[in-house]
Amino acid sequence: MRRPDHVIMYRQIACVAEPVLPYSHRLSQRVCYHSLHGIDAAFAFPLSPQNRSRLPQALLRATPKRQREFLAGRWCAEEALQCLGAGSTHVAMAANRAPIWPAGVVGSITHSGDFAATAVAWAEDIAGLGIDSEQIIDLAAARDIADICMVDESMLFKATDGRSFCEFCTFVFSAKEAVFKCLFPLTQKFLEFSDVRITSLDWNRRVFAWTTVSGHIGMGRLSQADGFVHTSVELSSLSMPAE
């Protein structure tokens with residue numbers, strides 16, 4: 001029997017892509033996760049007809065970088081959904097370009113540089129899920145993030161933690177992105193960077209706490225490897241602080 005084109009494509013990607021540790025992001029056992037290192041090699045241009053057919057209409061004229069990111073993210077999503085046992089592995093794209101997950105599933109996709117990853121879980125187990133990965137930025141970008149993205153998070157930076165200011169600013173940016181991705185499907189409200197505050201950070205335990213101007217609170221996890229900072233946020237429910 002002839003194998004479906006998408007199965008053949010997956011086998012080709014598996015041969016080309018550079019393997020990574022399965023848990024670049026720190027996630028609970030309720031989450032299924034898949035990552036890919038080597039986006040450019042896995043989705044080389046010109047795209048094959050099979051790969052191009054997987055692009056939504058809105059991305060047919062996008063830059064090669066954006067097309068590669070989309071394909072890598074969706075490939076990771078389909079692998080993660082298979083691991084979860086979802087009835088469908090198709091992830092559509094909404095008008096605002098957010099992923100539309102199969103019924104009963106929550107998920108999050110991230111890509112940065114040559115890396116992509118997806119995390120998925122059953123909505124009955126996890127209310128919200130957000131992951132983000134960022135390549136560690138240079139000093140000029142760190143100063144921009146400190147000016148634009150931080151509320152009073154700079155107070156959390158301590159040289160004795162053994163992390164540079166660039167690593168710290170990359171973390172703050174990534175942590176807020178993970179919070180955004182976790183909350184938006186639940187609230188349908190866009191957040192500015194100033195709407196989210198990182199209230200504590202422990203590099204040794206690899207955890208952080210966050211809150212929003214609307215009163216949502218939660219914890220997150222972080223890891224750092226190979227020039228990347230990875231952050232994740234999971235919510236069992238939409239937590240609000242006590243009065």
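## A loop residue with positive phi

Gln188 sits in the loop between H6 and E7, where helices (H or I, at least four residues) and strands (E, at least two) are DSSP runs numbered from the N terminus. The model is a predicted one, in which local features need pLDDT of at least 70, side-chain atom pairs count only at pLDDT 80 or more, and totals for chains, interfaces and linings use all residues. Residues are numbered from 1 along each chain as its sequence is written, and side-chain values use heavy atoms, with hydrogens and water left out.

Although Gln188 is not a glycine, its phi is positive, at about 55°. With a relative accessible area of 51%, Gln188 is exposed; here buried means under 20% relative accessible area, exposed over 50%, and partly exposed in between (1.4 Å probe, protein chains only).

## Other backbone features

Asp226 is not a glycine either, and its phi is also positive, at about 55°. This residue belongs to the loop between strand E9 (217-225) and strand E10 (228-235). Asp226 counts as exposed, at 74% relative accessibility.

Another feature to look up in the model is the peptide bond from Phe45 to Pro46, which is cis, with omega near 0°. Pro46 lies in the loop between helix H2 (39-42) and helix H3 (49-53). As background, most residues other than glycine have a negative phi, and most peptide bonds are trans.

## Aromatic pairs

Now for the rings. Those of Phe, Tyr and Trp (its six-membered ring) pair if their centres lie within 6.5 Å; planes under 30 degrees apart count as stacked, over 60 as edge-to-face and the rest as tilted. By this rule there are eight aromatic pairs. One of them joins Phe157 and Phe165 edge-to-face, at 5.4 Å centre to centre and with 80° between the planes. Phe157 is partly exposed at 28% relative accessibility, and Phe165 is partly exposed with a relative accessible area of 26%.

Phe173 and Phe193 form a tilted pair, because their planes are at 35°, with the ring centres 5.3 Å apart. Phe173 lies in helix H6 (residues 165-187) and Phe193 in the loop between H6 and strand E7 (196-202), so this pair ties together parts that are 20 residues apart in sequence. Phe173 is partly exposed, with a relative accessible area of 21%, whereas Phe193 is buried, at 19%.

## A ring cluster

Ring pairs also link Phe157, Phe165 and Phe168 into a cluster.
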